[in-house]
Amino acid sequence: MGHGRGRKLLSGVGRSVAVWAASTATMLVLAAVLPDFRLESPGGDSATRIAVTAAAGAGVFGLLSSLVWPLLVRLLLLVPALVLGLLVFFLNGSLLLVALRLSPSGDAEAAPETAVVVAAAMSAVASATGAALAVRDDDAYRRRLYRLADRRRRRGDGHCGHITPGAVFVQLDGVGHDVLRAAVDKGLMPTVASWLAPRDGGAPTHRVTAWRTDWSSQTGASQLGILHGSNHDVPAFRWYEKETREVVVCNRPTSAAELQRRAIERTGDGGLLTVDGASRGNLFSGGADQLALVLSVSARRGRENRSRAGYFAYFSDPANAVRTAMSFAAEVAREIGQSTRARLKRQRPRVGRGGLYPFVRAFATVVERDVVVAAVIGDMLAGRGAVYADLVAYDEVAHHSGPHSRDAEKVLRRLDRSLALLAQVAEHAPRPYRIVVLSDHGQSPGETFRTRYGLSLGNLVRAGCGLHVPRKVDRTHSGAEARAAVRAALRRPVEEKAEHHRAARRRSEPIVLASGNLGLVSFPDVPHRMSKEEIDRRYPALLSTLANHPGIGFVLVRSEEHGGVVLGAFGAEIPVDRLTDETGPLTGFGPGAADAVRRTHSFPHAADIMVNSWYDPAEGEVLAFEEQIGSHGGLGGAQGRPFLLWPVELSAPAEAGTEVVGAEQVHQVFRRWLRECEGPQVPLPAAAEEDERAA
């Protein structure tokens, strides 16, 4: 034991010395290059004295970073995460200036702006050196993981001695089943490939299958159903509620909180993660006590909002903070370069990628990924029973670059590395883990409705109503889930201007909202859901204009005679109770389309008119009503076929020859898997608990 501890101590000291030496060398090089940074007195010093000054400065800077930085980050949890990212460089520069002042020689000095550059370079070199040494020394890396786990157990997390497996659910947002399979075949995701077909010829550790979403194929509906067991009355990503005269938007904090409340009220339990669970980067909490970047609680103020606590665990390490900030800047530059190249090559289809989009993309692909993965690692080392995390990087990039683009493929490579890291951490966790990977929906490619036909869905509706159509076409807002993470980070219930439909709009005019290739038309001056007969009396040309437009696949509307009807081209009109997948307007939209439409028709907040875009089964393309060339939210193509990747130790999600249909069924599968892990049990509804006590 004594020799082992001695080797560990020497190894740790050796790595610290190596990092210190690398920081010292970096400081010497920068002092020779940068005019406003010097390590000698104005009259000049010997090389030995300059080296001693650099070594002392590097040592003091490292000490201050270790002691002061965690305190600064804890104080700065009150600062929005995006602002914190920009402050990282300034804070590191300030620590360097303090370190130079405390240096024994007293000769070193730097201009403030130069100190920022020097501090960033030193932190990056120190991080790279430490990482390189850790990679070369597997035993050291393993010991570091054990130390982290031991430290958490000593803090009283109460997870010592678990022999039963825990479950980690990793959601790769927007990655369709076919995209995953293609990425594995192309070698883009070697970790997933090794799980499905090990290179050594051994038995696979995981299996994969597709599942089918509801009509509303988007994260709000899918994740609410998966985490809380019900996505009833979620007809789209955004919809208008007549009784409150409000637009509900799934990635708006206040809306997410209300949707979560409704789901809990309907099911009678808190969610999938109510016992020993953690929710990371999600729209909803799932009932978990441990939260980070969870939108439904981000609008809360004060101590009850624990969603931002995950930032401290990650940014308390100054090397992490600098590395993420530098990666953020590199990703912004990468997006600007890629979008410029696409514009110069005149690629089609293409959408605008300017404004704040490069920063939103960088947040999704760098900051959100780093914070969420670090939080999941912490959960595993703490031995928590159930963890659900959402990584939104692919979804954000695919919306604007296309689901099969090179840009999106590069993101898949990075996501696979995150999965590899989690698998490696699982080997050192205090309990075994079953790692389940899934997606909440896929994406269907295709140009936008506005690009193909020169007008938006909103203006087509106005034309059908006989209203004035403006010459300038307003762009629709993207429904990308990355904006949810940004809003959670900013702690701001950001409202989109186009979603304020109050006194400024005449209440007799229709409200038209887009959710991918699904459109919703509501008439705010009518308190109930209008029928086909009422709409025909008020706007005789509207429904035929929509149903016969070449960019529209089908239209759903309430009917006084039939309860509900689906309208298609050439006068097709099919009552919802006689809908089939093989004939009529839904032909080609795939199995289960009729059932999905019937279910949405039953929702209290289904729009007056539900519009699904055209779909080309041969090419798998749809026409998005938003500015997206990879979209989801309606019926048609890969958007409705996400995947489930599960360990072979768990039972199959569905019986042979059948498939999982709808997010609520995925929730039931996950509940079963948690029971099979003999881990945390999802609480029974209150009524069921009382029945058991009575028995």
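Let me start with strand β9, which is covered on both faces: Ala386, Tyr388 and Asp390 on one side, and Val387, Ala389 and Leu391 on the other, are all buried. Buried here means under 20% relative accessible area, exposed over 50%, and partly exposed in between, with a 1.4 Å probe and protein chains only. Strands are DSSP runs of E with at least two residues, helices are runs of H or I with at least four, and both are numbered from the N terminus.

This is a predicted model, where local features need pLDDT of at least 70, side-chain atom pairs count only at pLDDT 80 or more, and totals for chains, interfaces and linings use all residues. Residues are numbered from 1 along each chain as its sequence is written, and side-chain values use heavy atoms, without hydrogens and water.

Back to β9, residues 386–391. Which strands pair with β9? Strand β3, residues 166–172, runs parallel to β9 and is joined by six bridges; there Leu172 stands opposite Leu391. Strand β7, residues 277–280, is also parallel to β9, with four bridges, and Arg280 has Ala389 as its bridge partner. Pairing requires at least two DSSP bridges between the strands.

Next, Ser405. This residue sits in the loop between α14 (393–401) and α15 (406–426). Ser405 counts as buried because its relative accessible area is 14%.

Last, Arg341, in helix α12, residues 318–344. Is Arg341 exposed, partly exposed or buried? Its relative accessibility is 41%, so Arg341 counts as partly exposed.
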